[in-house]
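Work through the exercises below with the structure open. Each task is followed by a stepwise solution.

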Amino acid sequence: MSALALLAIAAAGVALLLVAVIKFKIPAFLALLVVSVAVALVAGIPLPDIIKTVTEGMGGTLGSVAILVGLGAMLGKMIEISGGAQSLAGKFTQLLGPRRVIAALTAAAFLLAIPVFFDVGFIILIPIIYGFAKAAGVNPVKIGLPVGAIMLAIHVVVPPHPGVVGGAGILGADIGWTTILGLVLCVPVGVLGYFVARRLNRRDFSMLPATAEQFRLFGTGTSQVEQEAAQGTSSVAVRNQVKTAPSPAMIITLIVLPILMIMVGTVGAVVLPKDSFPAQLAAFVGAPLIALLTALGLAYYFLGIRRGWSSQHTGEVMDSALAPTAIVILVTGAGGVFGKVLTVSGIGKALAEGLQTAGLPVIVMAFILAAILRASQGSATVAIITTSGLLAASVADGGFSPIQTALILIAIGFGAFGLSHVNDSGFWIVTRYLGLSVADGLKTWTVLTTILGLAGFALTFLAWILVGGLGV
């Protein structure tokens, strides 16, 4: 089959996937599987090999994704239920001062977003956002926009979030380098988000009636403790709440420790003699599985048992994190199936040759494809997984270094960052909790995510040039 025909099949497959998800509201997991089988049939993969390809694609992806996403979700749930988010936000506010509340919460959100999924993390921080907004007498959107932006940036480019972990499995990207580079690039993106949001917030936005009423009533009932804790007052109830919450140092340690362990493995592979015992030890310590298991074990004791939770209750809290991740894991696995079909059918190779003919660097195409898929169907995770599958052959045949492969994956993530609008569940979470109308949400949240997605890619492309110039 000609390269042009294979590319036409790929385009038709992606179009069919978008129609299934957007128009007919078919679950992404089911749509990806059906489209993968259809593409395999049309592309001429022998019938006996189709089921084998589907199974290998699912198993190969989930072998790495399921464990990391599951462990990351359990760690995030422990931090959420224990009150660690409130503790962390309060500490950053104390350090930066009351005049820098927005910057403080944005910095706290940066750390909190590493183990906690975007939508869950944003909802966790809403009481704190409301509390500070009410104390300052400002619209919560002024605080919520930069907080949401940095959390979404972390969600799309930093492991153990499902999209980037799944993309790493498909592209063969190193989790360590992806983590290091993703965090480094998210710092300036977060700073830019703070200033862009401040500019967008120069005008006052009318709150939706339902949100305005919720905001007005905030602090009058059971949420009083949360509000007063966020404001740093000294009532007995607040002192009791703070006393039982984990310390900010503990939360920071649990978040940073696995990152440091992964960095040990990544750096050790570069500086230590290959196949030596120190190199093997560093690789073991720095394996994401070991790093997350270590952090989770510490969380089990310090956030659970030591604070008076029974072993049964601690286990139930951890287990409760797994059910919501099931669909995410299955969608990621189905994306791996799509990528495997594209590779086996030769479509990936045809796309790689097409990129070479067009003269577009693979990192540019990675960003463009992810942005198109994100705008079309809404899910950042699906956009990352699908784009990774489309480019897997190009990356495999490109002879890229581990750092370059990680940068390609991060470019995909930033492509999936922008253009958040009405087909994105995150758009509705942010706009409804902050009281924005659809029109105002498009003028603020959509504009903010798009600007930051472009800025993130610009920084990634600059890193790509530097890495190529240094020959790393």
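Rings of Phe, Tyr and Trp (for Trp, the six-membered ring) form a pair if their centres lie within 6.5 Å. Planes under 30 degrees apart count as stacked, over 60 as edge-to-face and the rest as tilted. The model used here is predicted.

**Exercise 1. Aromatic pairs**

Task: How many aromatic pairs does a search of the whole structure find? Classify the pair Phe 118 and Trp 445, then the pair Tyr 130 and Phe 215.

Solution: 

Step 1. The search of the whole structure gives 10 aromatic pairs.

Step 2. Take Phe 118 and Trp 445. Their ring centres are 6.1 Å apart and their planes meet at 15°, so this pair is stacked.

Step 3. Phe 118 belongs to helix H6 (residues 118-136) and Trp 445 to helix H23, so the pair ties together parts 327 residues apart in sequence.

Step 4. Check burial. Phe 118 is buried, at a relative accessible area of 6%. Trp 445 is buried too, at 0%.

Step 5. Turn to Tyr 130 and Phe 215. The centre-to-centre distance is 5.4 Å and the planes are 75° apart, an edge-to-face pair.

Step 6. Tyr 130 sits in helix H6 and Phe 215 in helix H10 (residues 209-217), so this pair ties together parts 85 residues apart in sequence. Both residues are buried.

Step 7. Look for a cluster. Ring pairs link Phe 118, Phe 122 and Trp 445.

**Exercise 2. The H1-H2 region**

Task: Which residues make the nonpolar surface patch of about 430 Å²? Then describe Val 19, Ile 26 and Lys 25.

Solution: 

Step 1. The patch is made by Val 19, Phe 24, Ile 26, Leu 30 and Val 34.

Step 2. Val 19 lies in helix H1 (residues 3-22). Val 19 is partly exposed, at 38% relative accessible area.

Step 3. Ile 26 lies in the loop between H1 and helix H2 (28-43). At 30% relative accessibility, Ile 26 is partly exposed.

Step 4. Beyond four places in sequence, Ile 26 touches Ala 20, Val 21 and Ala 31.

Step 5. Lys 25 is exposed, with a relative accessible area of 63%.

**Exercise 3. Backbone geometry**

Task: What is the phi of Lys 25 and of Leu 419? Which residues does a cis peptide bond join?

Solution: 

Step 1. Lys 25 has a phi near 55°, a positive value in a residue other than glycine.

Step 2. Leu 419 is not a glycine either, and its phi is positive at about 60°. Leu 419 is in the loop between H21 and helix H22 (425-434). Leu 419 is partly exposed, at 33% relative accessible area.

Step 3. The cis peptide bond joins Pro 159 and Pro 160, with omega at about 10°. Pro 160 lies in the loop between helix H7 (141-157) and helix H8 (162-171).

**Exercise 4. Confidence**

Task: Where in the chain is confidence lowest, and where is it highest?

Solution: 

Step 1. Start with the chain. Its mean pLDDT is 85, and 92% of its residues reach 70 or more.

Step 2. Confidence is lowest in helix H11 (residues 224-231), at a mean of 40, and highest in helix H21 (residues 402-415), at 96.

Step 3. Over residues 221-242, pLDDT stays under 50. For these residues the model has 22 contacts beyond four places in sequence.

Key
Residues are numbered from 1 along each chain as its sequence is written. This is a predicted model: local features need pLDDT of at least 70, side-chain atom pairs count only at pLDDT 80 or more; totals for chains, interfaces and linings use all residues. Side-chain values use heavy atoms; hydrogens and water are left out. pLDDT is the predictor's confidence in each residue, from 0 to 100. Helices (H or I, at least four residues) and strands (E, at least two) are DSSP runs, numbered from the N terminus. Contact means heavy atoms within 4.5 Å. Patches are made of residues with over 30% relative accessible area and no salt bridge: like charges are joined within 9 Å, nonpolar side chains (Val, Leu, Ile, Met, Phe, Trp, Tyr) within 5 Å. Accessible areas come from the Shrake-Rupley method with a 1.4 Å probe; for residues, only the protein chains shown count as cover. A salt bridge is a side-chain nitrogen of Lys or Arg within 4 Å of a carboxyl oxygen of Asp or Glu. Buried means under 20% relative accessible area, exposed over 50%, partly exposed in between (1.4 Å probe, protein chains only).
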